[in-house]
Amino acid sequence: MRAAVMLLLALGCGSDDTKPIDASTTDGTRRDAAVDAPPPIDAPPDAATAVQRVDCATATIARTVTTTDSPQAFVPNTVTINVNQVIRFQPGSSHNVIPHPTLPSDPGFRNGGFGEVACLRFTTAGQFNWRCQPHASMTGVVTVN
Ligand SMILES: [Cu+2]
């Protein structure tokens, strides 16, 4: 039986192969890890990562990202900046900003408090995806050139 399960897992029997396999399940089902085990929202940014929190009062803000409730979305949800520019994230009171769990992201990309304003400096070129923790459909991407 175990061999059969492993074979099914290897073949990718699920319809949604983008979700990680939850090792705690015994039936080989895939779960949305972001829903089952959300990251801690109070984890501080890692200074070694490509995204660093800076003081909004003194930083030069290149772009500001806010949210709407109907539809639930980030505005804008696609942002292009240059290396070392700062984005001010200003989500509404029921939204936050966390690293996207399944797309290229950065652990420093975190503004975990609902309605929390945070200014993030992007120090490395690339694409960084984020989402709102309680609303999986609310996503966004920063392209840093
Ligand atoms: Cu939200």
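Biologist: Two strands pair if DSSP finds at least two bridges between them. With that in mind, how many bridges join E2 to E5?

Modeller: Five bridges join these two strands, and E2 and E5 run parallel. Please keep in mind that this is a predicted model. One place to look is Thr-66, which stands opposite Gln-90 in E5.

Biologist: Which sheet do E2 and E5 belong to, and in what order do its strands stand?

Modeller: They belong to an open sheet of five strands, ordered E1-E7-E5-E2-E3, with mixed pairing. E1 and E3 are the edge strands; each has a single partner, so one side of each lacks a neighbour in the sheet. On average, and ignoring direction, neighbouring strands of this sheet are turned by 25° against each other.

Biologist: What about the sheet that holds E8?

Modeller: E8 is part of an open sheet of four strands in the order E4-E9-E8-E6, and here the pairing is mixed. E4 and E6 (98-99) are its edge strands, each pairing on one side only. Two bridges connect E6 and E8, which pair in the antiparallel sense. Across these strands, Pro-99 stands opposite Trp-130 in E8.

Biologist: Let us turn to the metal. Which residues are the protein donors of the copper ion?

Modeller: The donors are His-95 through ND1, Cys-132 through SG, His-135 through ND1 and Met-138 through SD, lying 2.0 to 2.7 Å from the copper ion. Along the chain they follow the spacing H-x36-C-x2-H-x2-M. Cys-132 is buried, with a relative accessible area of 0%, and both His-135 and Met-138 are buried.

Biologist: Why is the arrangement of the four donor atoms called irregular?

Modeller: The reason lies in the angles: the four donor atoms subtend 83 to 133° around the copper ion, which makes the arrangement irregular. To count as tetrahedral, four donors need all angles between 85 and 135 degrees. For reference, the ideal angle for four tetrahedral donors is 109.5 degrees.

Biologist: Switching to cysteines, how many disulfides does a search of the whole structure find?

Modeller: The search finds one disulfide. Cys-56 and Cys-119 form it, with their sulfur atoms 2.0 Å apart. The torsion about their S-S bond is about 115°, so the disulfide is right-handed. It links distant parts of the chain, since Cys-56 is in the loop between strand E1 (51-54) and E2, while Cys-119 is in strand E7 (residues 118-122), 63 residues apart.

Biologist: Are Cys-56 and Cys-119 buried or partly exposed?

Modeller: Cys-56 counts as partly exposed at 23% relative accessibility, whereas Cys-119 counts as buried at 1%.

Biologist: A last topic, the backbone. Where is a cis peptide bond found?

Modeller: A cis peptide bond joins Ser-70 and Pro-71, with omega about 0°. Pro-71 is placed in the loop between strand E2 (61-69) and strand E3 (72-75). Another cis peptide bond joins Val-75 and Pro-76, where omega is about -10°. Pro-76 lies in the loop between E3 and strand E4 (78-81).

Biologist: Which residue has a positive phi although it is not a glycine?

Modeller: That residue is Asn-84, whose phi is about 80°. Asn-84 is found in the loop between E4 and E5. With a relative accessible area of 41%, Asn-84 is partly exposed.

Definitions and conventions
Residues numbered from 1 in each chain as written. Predicted model: local features only at pLDDT ≥ 70, side-chain atom pairs only at ≥ 80, totals over all residues. Heavy atoms only, no water. Donors = N, O, S within 2.8 Å, 3.2 Å for Na, K, Ca; no water. Tetrahedral: all angles 85-135°; square planar, octahedral: opposite > 155°, others 65-115°. Buried < 20%, exposed > 50% of the residue type's maximum accessible area, 1.4 Å probe, protein only. Disulfide = S-S within 2.5 Å. Axes fitted to C-alpha atoms, helices over the stretch in contact; angles between N-to-C directions.
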